[in-house]
Amino acid sequence: GTEERLEVCLLEVQARLARMASRTQKQPRANAGRKSATVMESTNLSRAEAMACYIAQQGTHRLSIGDVADHAGLHPNYAMVLFQQTFGTTILKYIVEYRLSNAQRLLVTTDDLVENVAYQSGFGSLSSFYAAFRRTFGCTPRQYRQSHRTT
């Protein structure tokens, strides 16, 4: 049910965040050994994780940077900077990646029309879905479905 989907969604987010965090190279800070810096970095990570989890929960709905920032109790500009520093990508790119990931799953596991997959995944238009999909995967959603289906 809904609870199982949320658990799977959160596990996917955790795995994605771990991959993103491992790709992000942070420079050591001069005050990294001080307790206050460690607490602040921990708080920032928690806020960044909260934003990513919110995207996972709401990513298939209409979503703005302001919505994501509000959820973490941050100003949108600071939220964007924090997210970028933590995960090495922007909030908007992360939302699109999340939606594309959802679309991939639906294309391979359902027979839904490509149009329905686009809207179920949170894209507001077919043109934005096709453009993002082709840019990311180098093929159309229909081609992706055909090449990844096991019959």
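The expected span of a helix is taken as 1.5 Å times one less than its number of residues. Helix α5 can be judged by this rule: its 19 residues should span 27 Å, and because its end C-alpha atoms lie 27 Å apart, the two values agree. Helices here are DSSP runs of H or I with at least four residues, strands are runs of E with at least two, and both are numbered from the N terminus.

The structure is a predicted model, in which local features need pLDDT of at least 70 and side-chain atom pairs count only at pLDDT 80 or more, while totals for chains, interfaces and linings use all residues. Residues are numbered from 1 along each chain as its sequence is written, and side-chain values use heavy atoms, with hydrogens and water left out.

The protein chain contains eight helices and zero strands. Of its 151 residues, 35% are buried, that is, under 20% relative accessible area with a 1.4 Å probe, counting protein chains only. Contact denotes heavy atoms within 4.5 Å. Among contacts between residues at least 6 apart in sequence, 61% join residues at least 24 apart.

Helix α5 covers residues 91-109 and includes N102. The buried residues of this helix include I91, Y94, I95, Y98 and N102. An α-helix has 3.6 residues a turn, so residues three or four places apart point the same way. N102 counts as buried because its relative accessibility is 11%. Leaving aside residues up to four places away in sequence, N102 touches T60, Q120 and S121.

A nonpolar core is a set of buried Ala, Val, Leu, Ile, Met, Phe, Trp, Tyr and Cys residues joined through side-chain atoms within 4.5 Å. The largest such core has 20 residues, and M51, I55, V68, F83 and I91 have the most contacts inside it. Helices α2 (35-58), α3 (65-72), α4 (76-87) and α5 each supply at least two of its residues, and α2 gives the most, with six. Apart from this core lies another, of 13 residues, among them L100, A132, C139 and Y144. In the largest core, V68 is one of the residues with the most contacts; beyond four places in sequence, V68 touches M51, Y54, I55, L63, I91 and I95.

Conventions: Buried means under 20% relative accessible area, exposed over 50%, partly exposed in between (1.4 Å probe, protein chains only).
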